[in-house]
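This report covers the strand pairing, the packing of helices on the sheet, the disulfide and the salt bridges. The sequence and structure come first.

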Amino acid sequence: MRKFRVRQAAIAGVVALAVAAVPTVASGVQEQSSSTTAGSDAFYTYNGSKPLSSYRPGDVLKVRTLPYHVLGIATPLQATQLLYRTTDEQGHPSAGVTSVLRSPGGDGRKVVSYQSFYDSLDPEDGPSRAVAGNVKLPGGLIANGESTLVAPLLLSGYDVVLPDTEGQAAHLTASREYGYNTLDSLRAASGAASRTGISPDARVGLMGYSGGAVATNWAASLAPKYAPDVNKRLVGYAEGGVLVKPSHILRYIEGSQVWSGLIPELLIGQARSYDFDLKKYLNGYGKQLVDEHQHASIADALGHYPGLTWKKMAKPEYANPNSVPELVEAVNKTNLGLAPAPTVPGYIGQGNAGSLEGTTSNIAGIGSGDGITVAGDTRALARKYCAEGAAVWYKQYDALSHLTAPTATVPTALAWLRARFAGKEAPSSCGSIAEGNSLAADETVPAG
(Lines give C-alpha, C1' and ligand atoms only; values in the text may rest on other atoms or scores of the structure.)
Protein backbone atom coordinates (compact mmCIF):
# COMPACT_ATOMS: atom_id res chain seq x y z
CA MET A 1 0.00 0.00 0.00
CA ARG A 2 2.80 2.40 0.88
CA LYS A 3 4.60 1.72 -2.42
CA PHE A 4 1.34 2.41 -4.25
CA ARG A 5 1.03 5.79 -2.52
CA VAL A 6 4.64 6.64 -3.46
CA ARG A 7 3.91 5.82 -7.10
CA GLN A 8 0.73 7.92 -7.05
CA ALA A 9 2.52 10.89 -5.48
CA ALA A 10 5.38 10.70 -7.99
CA ILE A 11 3.03 10.70 -10.96
CA ALA A 12 0.90 13.50 -9.52
CA GLY A 13 3.94 15.71 -8.97
CA VAL A 14 5.14 15.37 -12.52
CA VAL A 15 1.68 15.73 -14.07
CA ALA A 16 1.51 19.22 -12.57
CA LEU A 17 4.94 19.98 -13.98
CA ALA A 18 4.26 18.47 -17.40
CA VAL A 19 1.16 20.62 -17.93
CA ALA A 20 3.31 23.73 -17.65
CA ALA A 21 6.39 22.35 -19.35
CA VAL A 22 7.62 23.26 -22.80
CA PRO A 23 10.66 21.74 -24.52
CA THR A 24 13.63 23.91 -23.58
CA VAL A 25 16.58 22.13 -25.19
CA ALA A 26 17.67 23.26 -28.61
CA SER A 27 16.67 20.89 -31.39
CA GLY A 28 19.21 19.33 -33.72
CA VAL A 29 21.09 16.16 -34.38
CA GLN A 30 21.79 14.30 -31.16
CA GLU A 31 25.37 13.38 -30.47
CA GLN A 32 24.28 10.09 -28.92
CA SER A 33 21.36 7.71 -29.28
CA SER A 34 18.79 7.88 -26.50
CA SER A 35 18.56 4.09 -26.09
CA THR A 36 17.70 3.32 -22.47
CA THR A 37 17.76 -0.46 -22.24
CA ALA A 38 19.06 -1.32 -18.78
CA GLY A 39 22.60 -2.71 -18.78
CA SER A 40 23.18 -2.08 -22.50
CA ASP A 41 23.16 1.70 -22.79
CA ALA A 42 26.27 2.73 -24.72
CA PHE A 43 25.90 6.31 -23.55
CA TYR A 44 27.52 5.45 -20.22
CA THR A 45 30.76 4.19 -21.78
CA TYR A 46 33.58 6.52 -22.74
CA ASN A 47 35.06 5.16 -25.96
CA GLY A 48 36.92 8.17 -27.32
CA SER A 49 40.37 7.98 -28.88
CA LYS A 50 41.98 10.31 -26.31
CA PRO A 51 42.86 9.00 -22.83
CA LEU A 52 40.31 10.01 -20.23
CA SER A 53 43.15 11.55 -18.22
CA SER A 54 43.74 14.08 -21.00
CA TYR A 55 40.44 15.79 -20.24
CA ARG A 56 39.87 18.25 -17.43
CA PRO A 57 37.39 17.47 -14.66
CA GLY A 58 33.99 18.58 -15.89
CA ASP A 59 34.78 18.28 -19.60
CA VAL A 60 31.79 16.94 -21.54
CA LEU A 61 32.37 13.65 -23.40
CA LYS A 62 28.86 12.90 -24.72
CA VAL A 63 25.50 14.64 -24.87
CA ARG A 64 21.97 13.42 -25.50
CA THR A 65 18.47 14.81 -25.13
CA LEU A 66 15.46 12.68 -24.23
CA PRO A 67 12.08 12.97 -22.49
CA TYR A 68 12.11 13.13 -18.71
CA HIS A 69 10.49 9.93 -17.44
CA VAL A 70 8.75 9.08 -14.18
CA LEU A 71 8.18 5.40 -13.47
CA GLY A 72 8.88 4.74 -17.15
CA ILE A 73 6.29 7.26 -18.34
CA ALA A 74 7.62 9.92 -20.71
CA THR A 75 6.61 13.51 -19.90
CA PRO A 76 6.72 16.58 -22.19
CA LEU A 77 9.70 17.88 -20.23
CA GLN A 78 13.05 17.35 -21.94
CA ALA A 79 16.21 16.25 -20.12
CA THR A 80 19.77 16.72 -21.30
CA GLN A 81 22.16 14.02 -20.14
CA LEU A 82 25.91 14.47 -20.10
CA LEU A 83 28.78 12.03 -19.84
CA TYR A 84 31.66 13.98 -18.34
CA ARG A 85 35.16 13.49 -16.99
CA THR A 86 35.40 13.36 -13.20
CA THR A 87 37.46 11.69 -10.46
CA ASP A 88 36.83 8.52 -8.45
CA GLU A 89 37.39 7.90 -4.74
CA GLN A 90 41.03 6.95 -5.22
CA GLY A 91 41.82 9.96 -7.40
CA HIS A 92 41.70 8.21 -10.78
CA PRO A 93 40.03 9.78 -13.83
CA SER A 94 36.53 8.43 -14.38
CA ALA A 95 33.42 9.16 -16.43
CA GLY A 96 30.26 10.34 -14.70
CA VAL A 97 26.70 10.96 -15.84
CA THR A 98 24.36 13.79 -14.93
CA SER A 99 20.90 14.89 -16.03
CA VAL A 100 19.94 18.53 -16.56
CA LEU A 101 16.30 19.61 -16.34
CA ARG A 102 15.29 23.08 -17.49
CA SER A 103 12.55 24.87 -15.62
CA PRO A 104 9.70 26.07 -17.84
CA GLY A 105 10.05 29.48 -16.18
CA GLY A 106 13.81 29.49 -15.64
CA ASP A 107 16.46 31.66 -17.28
CA GLY A 108 19.49 29.40 -16.79
CA ARG A 109 20.90 31.56 -14.02
CA LYS A 110 19.49 29.79 -10.92
CA VAL A 111 20.42 26.13 -10.49
CA VAL A 112 19.77 23.60 -7.75
CA SER A 113 22.01 20.55 -7.78
CA TYR A 114 19.81 17.88 -6.27
CA GLN A 115 21.69 14.85 -4.94
CA SER A 116 19.56 11.69 -4.85
CA PHE A 117 19.34 9.27 -1.93
CA TYR A 118 19.22 6.26 -4.25
CA ASP A 119 21.84 4.53 -2.04
CA SER A 120 22.55 1.42 -4.07
CA LEU A 121 25.32 -0.96 -5.05
CA ASP A 122 23.76 -1.24 -8.51
CA PRO A 123 24.43 1.60 -10.99
CA GLU A 124 21.13 0.74 -12.68
CA ASP A 125 19.36 2.37 -9.71
CA GLY A 126 20.91 5.78 -10.40
CA PRO A 127 18.83 8.89 -11.14
CA SER A 128 20.01 9.13 -14.75
CA ARG A 129 18.53 5.69 -15.43
CA ALA A 130 15.20 6.77 -13.96
CA VAL A 131 15.22 9.95 -16.02
CA ALA A 132 15.88 7.87 -19.16
CA GLY A 133 12.92 5.60 -18.44
CA ASN A 134 14.38 2.62 -16.60
CA VAL A 135 12.30 1.28 -13.71
CA LYS A 136 14.34 -1.39 -11.95
CA LEU A 137 12.62 -2.85 -8.91
CA PRO A 138 12.90 -2.22 -6.08
CA GLY A 139 15.92 0.12 -5.98
CA GLY A 140 14.94 2.15 -9.03
CA LEU A 141 11.73 3.29 -7.37
CA ILE A 142 13.69 5.66 -5.14
CA ALA A 143 15.09 7.92 -7.88
CA ASN A 144 11.74 7.78 -9.68
CA GLY A 145 9.87 8.75 -6.52
CA GLU A 146 12.14 11.74 -5.99
CA SER A 147 10.35 13.45 -8.86
CA THR A 148 8.04 14.77 -6.12
CA LEU A 149 11.04 16.71 -4.75
CA VAL A 150 12.36 17.83 -8.12
CA ALA A 151 9.00 19.10 -9.43
CA PRO A 152 8.64 21.96 -6.88
CA LEU A 153 12.12 23.21 -7.77
CA LEU A 154 11.34 23.28 -11.49
CA LEU A 155 7.97 24.92 -10.95
CA SER A 156 9.69 27.59 -8.80
CA GLY A 157 11.98 28.59 -11.67
CA TYR A 158 15.11 26.66 -10.74
CA ASP A 159 16.90 24.54 -13.30
CA VAL A 160 17.89 21.22 -11.74
CA VAL A 161 21.06 19.15 -12.12
CA LEU A 162 20.78 15.49 -11.05
CA PRO A 163 24.20 13.81 -10.81
CA ASP A 164 24.74 10.08 -10.40
CA THR A 165 26.74 10.76 -7.26
CA GLU A 166 28.04 7.21 -6.67
CA GLY A 167 29.73 6.99 -10.06
CA GLN A 168 29.37 4.18 -12.54
CA ALA A 169 30.78 1.51 -10.23
CA ALA A 170 28.17 2.33 -7.57
CA HIS A 171 30.67 3.25 -4.86
CA LEU A 172 28.11 3.38 -2.07
CA THR A 173 29.36 5.36 0.96
CA ALA A 174 32.32 6.78 -0.97
CA SER A 175 32.99 10.30 0.21
CA ARG A 176 35.13 12.42 -2.06
CA GLU A 177 33.81 10.68 -5.15
CA TYR A 178 30.30 11.81 -4.23
CA GLY A 179 31.60 15.36 -4.02
CA TYR A 180 33.71 15.17 -7.18
CA ASN A 181 30.80 13.80 -9.22
CA THR A 182 28.53 16.56 -7.94
CA LEU A 183 30.96 19.40 -8.59
CA ASP A 184 32.07 18.15 -12.00
CA SER A 185 28.47 17.64 -13.08
CA LEU A 186 27.91 21.35 -12.45
CA ARG A 187 31.00 22.18 -14.48
CA ALA A 188 29.68 19.97 -17.28
CA ALA A 189 26.20 21.52 -17.17
CA SER A 190 27.64 25.01 -17.59
CA GLY A 191 30.29 23.85 -20.08
CA ALA A 192 27.56 22.52 -22.39
CA ALA A 193 25.49 25.70 -22.12
CA SER A 194 24.37 25.55 -25.74
CA ARG A 195 22.63 22.25 -24.99
CA THR A 196 21.67 22.63 -21.32
CA GLY A 197 20.85 26.34 -21.21
CA ILE A 198 22.77 26.67 -17.94
CA SER A 199 24.73 29.92 -17.81
CA PRO A 200 28.46 29.64 -16.98
CA ASP A 201 27.92 32.15 -14.17
CA ALA A 202 24.66 30.67 -12.86
CA ARG A 203 24.29 30.71 -9.10
CA VAL A 204 24.03 27.27 -7.54
CA GLY A 205 22.44 25.76 -4.45
CA LEU A 206 23.17 22.21 -3.25
CA MET A 207 20.41 20.05 -1.80
CA GLY A 208 20.15 16.45 -0.58
CA TYR A 209 18.84 14.12 2.09
CA SER A 210 20.45 11.00 3.60
CA GLY A 211 22.81 9.60 0.95
CA GLY A 212 22.09 12.76 -1.03
CA ALA A 213 23.18 14.79 1.98
CA VAL A 214 26.50 12.92 2.00
CA ALA A 215 27.10 14.07 -1.59
CA THR A 216 25.85 17.57 -0.81
CA ASN A 217 28.11 18.00 2.20
CA TRP A 218 31.21 16.55 0.54
CA ALA A 219 30.66 18.78 -2.48
CA ALA A 220 30.42 21.85 -0.26
CA SER A 221 33.51 20.76 1.71
CA LEU A 222 35.67 19.97 -1.33
CA ALA A 223 34.58 22.84 -3.56
CA PRO A 224 37.02 25.52 -2.27
CA LYS A 225 40.05 23.42 -3.24
CA TYR A 226 38.79 21.00 -5.90
CA ALA A 227 36.42 23.32 -7.77
CA PRO A 228 36.95 26.98 -6.77
CA ASP A 229 35.22 27.96 -10.02
CA VAL A 230 32.05 26.27 -8.75
CA ASN A 231 32.52 27.36 -5.14
CA LYS A 232 32.38 31.04 -6.06
CA ARG A 233 28.92 30.44 -7.57
CA LEU A 234 27.50 28.53 -4.59
CA VAL A 235 24.82 30.26 -2.53
CA GLY A 236 24.87 27.46 0.05
CA TYR A 237 23.92 23.88 0.82
CA ALA A 238 20.77 22.46 2.44
CA GLU A 239 20.66 18.90 3.75
CA GLY A 240 19.14 16.51 6.25
CA GLY A 241 19.96 13.11 7.71
CA VAL A 242 23.66 13.26 6.83
CA LEU A 243 25.96 10.31 7.65
CA VAL A 244 28.94 11.94 9.33
CA LYS A 245 31.19 9.28 10.91
CA PRO A 246 30.74 5.82 9.33
CA SER A 247 32.30 3.90 12.21
CA HIS A 248 29.70 5.39 14.55
CA ILE A 249 26.92 4.56 12.09
CA LEU A 250 27.94 0.88 11.99
CA ARG A 251 27.93 0.66 15.79
CA TYR A 252 24.70 2.64 16.16
CA ILE A 253 22.60 0.44 13.84
CA GLU A 254 24.01 -2.90 15.04
CA GLY A 255 21.26 -5.11 16.41
CA SER A 256 18.49 -2.77 15.29
CA GLN A 257 15.21 -3.96 13.82
CA VAL A 258 15.16 -1.98 10.56
CA TRP A 259 18.52 -0.45 9.72
CA SER A 260 20.87 -3.31 10.64
CA GLY A 261 20.09 -4.84 7.25
CA LEU A 262 22.15 -2.05 5.72
CA ILE A 263 25.38 -3.21 7.39
CA PRO A 264 26.48 -5.56 4.55
CA GLU A 265 25.87 -2.86 1.95
CA LEU A 266 27.80 -0.23 3.87
CA LEU A 267 30.73 -2.63 4.24
CA ILE A 268 30.66 -3.60 0.57
CA GLY A 269 30.60 0.07 -0.39
CA GLN A 270 33.69 0.79 1.71
CA ALA A 271 35.56 -2.23 0.32
CA ARG A 272 34.57 -1.45 -3.27
CA SER A 273 35.49 2.22 -3.00
CA TYR A 274 38.93 1.54 -1.54
CA ASP A 275 39.61 -1.77 -3.29
CA PHE A 276 40.26 -4.11 -0.36
CA ASP A 277 39.25 -7.72 0.23
CA LEU A 278 36.49 -7.69 2.84
CA LYS A 279 35.79 -11.42 2.71
CA LYS A 280 39.07 -12.48 4.27
CA TYR A 281 37.81 -11.06 7.57
CA LEU A 282 34.37 -12.68 7.40
CA ASN A 283 32.95 -16.02 8.49
CA GLY A 284 30.75 -18.15 6.25
CA TYR A 285 27.59 -16.22 7.09
CA GLY A 286 29.28 -12.90 6.47
CA LYS A 287 30.56 -14.06 3.09
CA GLN A 288 27.07 -15.23 2.18
CA LEU A 289 25.59 -11.83 2.99
CA VAL A 290 28.27 -10.03 1.02
CA ASP A 291 27.65 -12.26 -2.00
CA GLU A 292 23.90 -11.68 -1.79
CA HIS A 293 24.21 -7.90 -1.59
CA GLN A 294 26.70 -7.11 -4.35
CA HIS A 295 23.98 -5.35 -6.37
CA ALA A 296 21.53 -4.53 -3.59
CA SER A 297 19.96 -1.18 -2.82
CA ILE A 298 18.74 0.35 0.40
CA ALA A 299 15.28 -0.84 -0.62
CA ASP A 300 16.55 -4.44 -0.33
CA ALA A 301 17.96 -3.84 3.15
CA LEU A 302 15.36 -2.08 5.27
CA GLY A 303 13.75 -4.48 7.72
CA HIS A 304 15.86 -7.40 6.56
CA TYR A 305 18.21 -9.23 8.95
CA PRO A 306 16.90 -7.64 12.19
CA GLY A 307 19.45 -7.85 14.97
CA LEU A 308 22.41 -8.20 12.59
CA THR A 309 25.82 -7.18 13.94
CA TRP A 310 29.37 -7.06 12.63
CA LYS A 311 30.33 -9.75 15.12
CA LYS A 312 27.81 -12.18 13.58
CA MET A 313 29.50 -11.70 10.20
CA ALA A 314 33.17 -11.66 11.21
CA LYS A 315 35.71 -14.35 12.00
CA PRO A 316 36.24 -14.59 15.79
CA GLU A 317 39.65 -12.92 15.67
CA TYR A 318 38.08 -9.90 13.96
CA ALA A 319 35.14 -9.50 16.33
CA ASN A 320 36.20 -5.86 16.78
CA PRO A 321 35.86 -4.07 13.42
CA ASN A 322 38.75 -1.81 14.40
CA SER A 323 41.01 -4.85 14.07
CA VAL A 324 40.53 -4.65 10.28
CA PRO A 325 43.12 -2.08 9.17
CA GLU A 326 41.69 -1.54 5.68
CA LEU A 327 38.24 -0.86 7.12
CA VAL A 328 39.62 1.58 9.68
CA GLU A 329 41.50 3.42 6.93
CA ALA A 330 38.36 3.55 4.79
CA VAL A 331 36.01 4.84 7.49
CA ASN A 332 38.52 7.52 8.40
CA LYS A 333 38.64 8.69 4.79
CA THR A 334 34.85 8.87 4.68
CA ASN A 335 34.53 10.72 8.00
CA LEU A 336 33.10 14.17 7.25
CA GLY A 337 34.46 15.40 10.54
CA LEU A 338 37.97 15.10 9.14
CA ALA A 339 37.16 17.00 5.93
CA PRO A 340 37.51 20.75 5.40
CA ALA A 341 34.67 23.04 6.39
CA PRO A 342 32.61 24.59 3.59
CA THR A 343 33.09 28.29 2.96
CA VAL A 344 29.41 28.84 2.12
CA PRO A 345 26.45 28.82 4.53
CA GLY A 346 24.44 25.71 5.21
CA TYR A 347 21.22 24.36 6.67
CA ILE A 348 21.54 20.97 8.39
CA GLY A 349 18.47 19.12 9.64
CA GLN A 350 18.66 16.08 11.92
CA GLY A 351 16.01 13.74 13.32
CA ASN A 352 16.47 12.15 16.72
CA ALA A 353 13.62 9.65 17.19
CA GLY A 354 15.35 6.51 15.99
CA SER A 355 13.27 4.37 18.33
CA LEU A 356 10.36 4.90 15.91
CA GLU A 357 12.34 2.79 13.43
CA GLY A 358 13.59 0.20 15.88
CA THR A 359 17.02 1.66 16.66
CA THR A 360 17.19 1.96 20.43
CA SER A 361 20.93 1.71 21.17
CA ASN A 362 22.46 4.48 23.23
CA ILE A 363 26.16 3.57 23.21
CA ALA A 364 28.49 5.83 25.16
CA GLY A 365 30.19 8.29 22.83
CA ILE A 366 27.53 7.78 20.15
CA GLY A 367 24.13 8.30 21.75
CA SER A 368 20.81 8.65 19.98
CA GLY A 369 19.93 9.42 16.38
CA ASP A 370 17.23 9.15 13.76
CA GLY A 371 17.50 5.40 13.25
CA ILE A 372 20.63 5.41 11.09
CA THR A 373 22.38 8.78 11.46
CA VAL A 374 23.74 9.93 14.80
CA ALA A 375 22.51 13.24 16.18
CA GLY A 376 25.65 13.81 18.27
CA ASP A 377 27.82 13.41 15.18
CA THR A 378 25.77 15.93 13.21
CA ARG A 379 25.84 18.44 16.07
CA ALA A 380 29.61 18.04 16.30
CA LEU A 381 29.94 18.65 12.56
CA ALA A 382 27.80 21.79 12.74
CA ARG A 383 29.82 23.07 15.72
CA LYS A 384 33.07 22.40 13.83
CA TYR A 385 31.84 24.46 10.90
CA CYS A 386 30.76 27.25 13.23
CA ALA A 387 34.18 27.26 14.90
CA GLU A 388 35.79 27.63 11.48
CA GLY A 389 33.69 30.67 10.63
CA ALA A 390 30.89 29.23 8.49
CA ALA A 391 27.27 30.23 8.95
CA VAL A 392 25.30 27.11 9.93
CA TRP A 393 21.64 26.79 10.74
CA TYR A 394 21.26 23.48 12.57
CA LYS A 395 17.81 22.18 13.49
CA GLN A 396 17.24 18.97 15.44
CA TYR A 397 13.84 17.31 15.24
CA ASP A 398 13.53 15.18 18.37
CA ALA A 399 10.13 13.74 17.42
CA LEU A 400 11.12 12.66 13.89
CA SER A 401 13.05 9.65 12.57
CA HIS A 402 15.09 9.19 9.41
CA LEU A 403 12.09 8.23 7.30
CA THR A 404 9.81 10.91 8.75
CA ALA A 405 12.23 13.84 9.12
CA PRO A 406 11.96 14.85 5.43
CA THR A 407 8.45 16.14 6.20
CA ALA A 408 10.24 18.94 8.06
CA THR A 409 13.68 19.13 6.47
CA VAL A 410 12.63 19.25 2.82
CA PRO A 411 10.24 22.24 3.10
CA THR A 412 12.78 23.98 5.31
CA ALA A 413 15.59 23.31 2.83
CA LEU A 414 13.51 24.69 -0.04
CA ALA A 415 12.67 27.85 1.89
CA TRP A 416 16.27 28.23 3.05
CA LEU A 417 17.61 27.95 -0.51
CA ARG A 418 14.98 30.37 -1.82
CA ALA A 419 16.19 32.97 0.69
CA ARG A 420 19.82 32.47 -0.33
CA PHE A 421 19.01 32.94 -4.01
CA ALA A 422 17.14 36.09 -3.02
CA GLY A 423 20.33 37.44 -1.46
CA LYS A 424 19.13 37.37 2.14
CA GLU A 425 21.67 36.88 4.90
CA ALA A 426 21.94 33.27 6.03
CA PRO A 427 20.65 32.59 9.55
CA SER A 428 22.94 30.99 12.10
CA SER A 429 22.33 28.87 15.19
CA CYS A 430 26.01 28.63 16.01
CA GLY A 431 25.61 29.91 19.55
CA SER A 432 22.98 27.40 20.55
CA ILE A 433 24.03 24.00 19.18
CA ALA A 434 24.47 21.44 21.95
CA GLU A 435 27.74 19.56 22.25
CA GLY A 436 28.20 16.49 20.12
CA ASN A 437 30.44 13.46 19.79
CA SER A 438 34.11 13.17 19.03
CA LEU A 439 34.73 13.00 15.28
CA ALA A 440 38.38 12.03 15.73
CA ALA A 441 39.90 9.36 13.51
CA ASP A 442 39.54 5.72 14.55
CA GLU A 443 42.61 3.73 15.51
CA THR A 444 43.46 0.16 14.53
CA VAL A 445 43.59 -2.41 17.34
CA PRO A 446 45.32 -5.83 17.22
CA ALA A 447 43.29 -8.75 15.89
CA GLY A 448 42.39 -11.66 18.12
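Strands β2 (residues 73–87) and β3 (residues 93–101) run antiparallel to each other and are joined by nine bridges. Two strands are taken as paired if DSSP finds at least two bridges between them. Helices (H or I, at least four residues) and strands (E, at least two) are DSSP runs, numbered from the N terminus. Within this pairing, L82 has T98 of β3 as its bridge partner.

The model is predicted, so local features need pLDDT of at least 70 and side-chain atom pairs count only at pLDDT 80 or more, while totals for chains, interfaces and linings use all residues. Residues are numbered from 1 along each chain as its sequence is written, and side-chain values use heavy atoms, with hydrogens and water left out.

**The sheet and its helices**

β2 and β3 belong to an open sheet of nine strands with mixed pairing, in the order β1-β2-β3-β5-β4-β6-β7-β8-β9. The edges are β1 (60–70) and β9 (392–397); each has a single partner strand, so one side of each is left without a neighbour in the sheet. On average, neighbouring strands of this sheet are turned by 20° against each other, direction ignored.

Helix α7 (residues 211–226) packs on the sheet and touches β2, β4 (110–115), β6 (203–209) and β7 (234–240). Contact here means heavy atoms within 4.5 Å. The direction of α7 makes about 145° with that of β6. Helix α15 also packs on the sheet, touching β7, β8 (346–351) and β9, and its direction makes about 165° with that of β9. For these angles, axes are lines fitted to C-alpha atoms, for helices over the stretch in contact, and values run from 0 to 180 degrees between N-to-C directions.

**The disulfide**

A search of the whole structure gives one disulfide, defined as a pair of cysteine sulfur atoms within 2.5 Å. It joins C386 and C430, with the sulfur atoms 2.0 Å apart. The link is left-handed, with -80° about the S-S bond. C386 sits in helix α15 (residues 375–387) and C430 in the segment after α16 (406–421), so that distant parts of the chain, 44 residues apart, are linked. C386 is buried at a relative accessible area of 16%, whereas C430 is partly exposed at 27%. Buried means under 20% relative accessible area, exposed over 50%, and partly exposed in between (1.4 Å probe, protein chains only).

**Salt bridges**

The count comes to 14 salt bridges, each a side-chain nitrogen of Lys or Arg within 4 Å of a carboxyl oxygen of Asp or Glu. Among them are these:

| Pair | N to O distance |
|---|---|
| K136 and D122 | 3.3 Å |
| D184 and R187 | 2.9 Å |
| R187 and D229 | 2.9 Å |

D184 and R187 are both in helix α5 (residues 176–191), three residues apart, about one turn of the helix. D184 is buried, with a relative accessible area of 0%, and R187 is buried at 17%. R187 also bridges to D229. Since R187 lies in helix α5 and D229 in helix α8 (residues 228–231), the pair ties together parts that are 42 residues apart in sequence. D229 is partly exposed, at 32% relative accessible area.

Salt bridges that share partners join D122, D125 and K136 into one network.
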